[in-house]
Amino acid sequence: MIPALFVAGLVACTSTPRPRPAPPGEPLPELRLAPAALGASVSLAQQLVFAHEQDPGGPRSLEALLEVDPAQLRLAGLALGQRILTLRWDGSRLDEERDPRLPAQFNSALVLRDVQLVYWPADAVRAALPAGWTLEDGPAQRTLSKNGREWVTVRYDGSPRWEGRTQLTNHSEHYQLTIESRSAE
């Protein structure tokens with residue numbers, strides 16, 4: 001059974017963000033990159049901590065298992081040891097299995113977007129961006145921008161980037177995601 005507090009936290013993390021003055025209503029681009037574009041196979045155990053501006057209850061945590069090989073991305077989300085979400089992405093189709101108590105607002109496509117923005121090579125991400133969007137990439141930070149405004153900032157503490165601590169700050173949708181990753185192999 002998923003605790004009501006955890007489900008409420010997911011609702012808060014996935015609720016519609018308050019509008020920002022500029023630019024109003026423009027969504028972040030979906031990337032939809034092929035798993036093979038990662039250029040590696042990874043298997044990670046992760047601790048995810050979500051903090052949303054509109055969540056008065058504070059940050060919520062979730063365990064995840066992420067596996068990527070050239071054919072498929074698989075992500076399992078666990079709450080108190082119980083699977084609440086399974087995502088599979090093969091480069092053209094996103095399948096999900098979700099616990100019925102997972103809030104309807106929880107959007108798997110946004111999870112896929114964030115995973116790819118954090119881990120896929122900068123050149124692959126840049127190639128998937130619509131006109132006007134830019135991605136700056138350095139050894140410890142990545143920034144998604146449009147018209148000189150930072151929309152998403154990703155900071156890395158680990159090397160390779162998929163191990164250690166990563167922090168994604170989504171300035172547009174008003175949340176922060178901290179990922180603690182270690183090899184699951």
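The model is predicted, so local features need pLDDT of at least 70, side-chain atom pairs count only at pLDDT 80 or more, and totals for chains, interfaces and linings use all residues. Residues are numbered from 1 along each chain as its sequence is written, and side-chain values use heavy atoms, with hydrogens and water left out.

The protein chain holds 3 helices and 10 strands. Helices (H or I, at least four residues) and strands (E, at least two) are DSSP runs, numbered from the N terminus. Of the 185 residues, 46% are buried. Buried means under 20% relative accessible area, exposed means over 50%, and partly exposed lies in between (1.4 Å probe, protein chains only).

**Fold**

- Along the sequence, the pattern reads α-β-β-β-β-β-α-α-β-β-β-β-β.
- Among contacts with a separation of 6 or more, 49% join residues 24 or more positions apart. Contact means heavy atoms within 4.5 Å.

- Helix H2 covers 108–119. Its 12 residues should span 16 Å at 1.5 Å a residue, and its end C-alpha atoms are 17 Å apart, which agrees. The expected span is 1.5 Å times one less than the number of residues.
- H2 is largely enclosed by the rest of the structure, because 10 of its 12 residues are buried. Among them are Ser 108, Arg 113, Asp 114 and Gln 116, along with Leu 112, Val 115 and Tyr 119.
- The largest nonpolar core has 42 residues. A nonpolar core is a set of buried Ala, Val, Leu, Ile, Met, Phe, Trp, Tyr and Cys residues joined through side-chain atoms within 4.5 Å.
- Leu 66, Leu 73, Tyr 119, Trp 120, Val 125, Leu 144 and Val 152 touch the most other core members. H2 gives the most to this core, with 5 residues.
- In soluble globular proteins, nonpolar side chains tend to be buried together.
- Beyond four places in sequence, Trp 120 touches Leu 33, Ala 34, Pro 35, Ala 37, Leu 38, Val 68, Leu 73, Val 115, Val 125 and Arg 142.

**Cavity**

- The whole structure has 1 cavity of 30 Å³ or more. The largest cavity has a volume of about 30 Å³.
- On a 1 Å grid over the protein atoms alone, a cavity is a set of points where a 1.4 Å probe fits but cannot get out; lining residues have an atom within 4 Å of a point. Grid points are joined across faces, edges and corners, and a volume is the space filled by probe spheres set on the points.
- The lining consists of Leu 38, Val 42, Leu 44, Leu 66, Val 68, Tyr 119, Trp 120 and Trp 162. Strands E1 (42–52) and E2 (60–68) are the elements that give two or more residues to it.
- By class, the lining has 8 nonpolar, no polar and no charged residues. Ala, Val, Leu, Ile, Met, Phe, Trp, Tyr, Cys and Pro count as nonpolar, Asp, Glu, Lys and Arg as charged, and the others, Gly among them, as polar.

**Positive phi**

- Arg 32 has a phi near 55°, a positive value in a residue other than glycine. Arg 32 sits in the loop between helix H1 (4–14) and E1. Its relative accessible area of 35% makes Arg 32 partly exposed.
- Leu 80 has a phi near 50°, also positive in a residue other than glycine. Leu 80 lies in the loop between strands E3 (73–79) and E4 (82–89), and is exposed at 68%.
- Most residues other than glycine have a negative phi.

**Other residues**

- Ser 43 lies in strand E1 and is buried at 12% relative accessibility. Beyond four places in sequence, Ser 43 touches Leu 66, Glu 67, Arg 182, Ser 183, Ala 184 and Glu 185.
- Arg 161 is in the loop between strands E8 (149–156) and E9 (164–170). At 18% relative accessibility, Arg 161 counts as buried. Its contacts beyond four places in sequence include Tyr 119, Asp 137, Arg 142, Tyr 156 and Thr 166.
- Arg 165 is in strand E9 and is partly exposed at 34%. Arg 165 and Arg 155 are 10 residues apart in sequence and 8.4 Å apart, C-alpha to C-alpha.

Note on methods: On a 1 Å grid over the protein atoms alone, a cavity is a set of points where a 1.4 Å probe fits but cannot get out, and a pocket is an open set with protein on both sides within 12 Å along at least five of seven lines; lining residues have an atom within 4 Å of a point.
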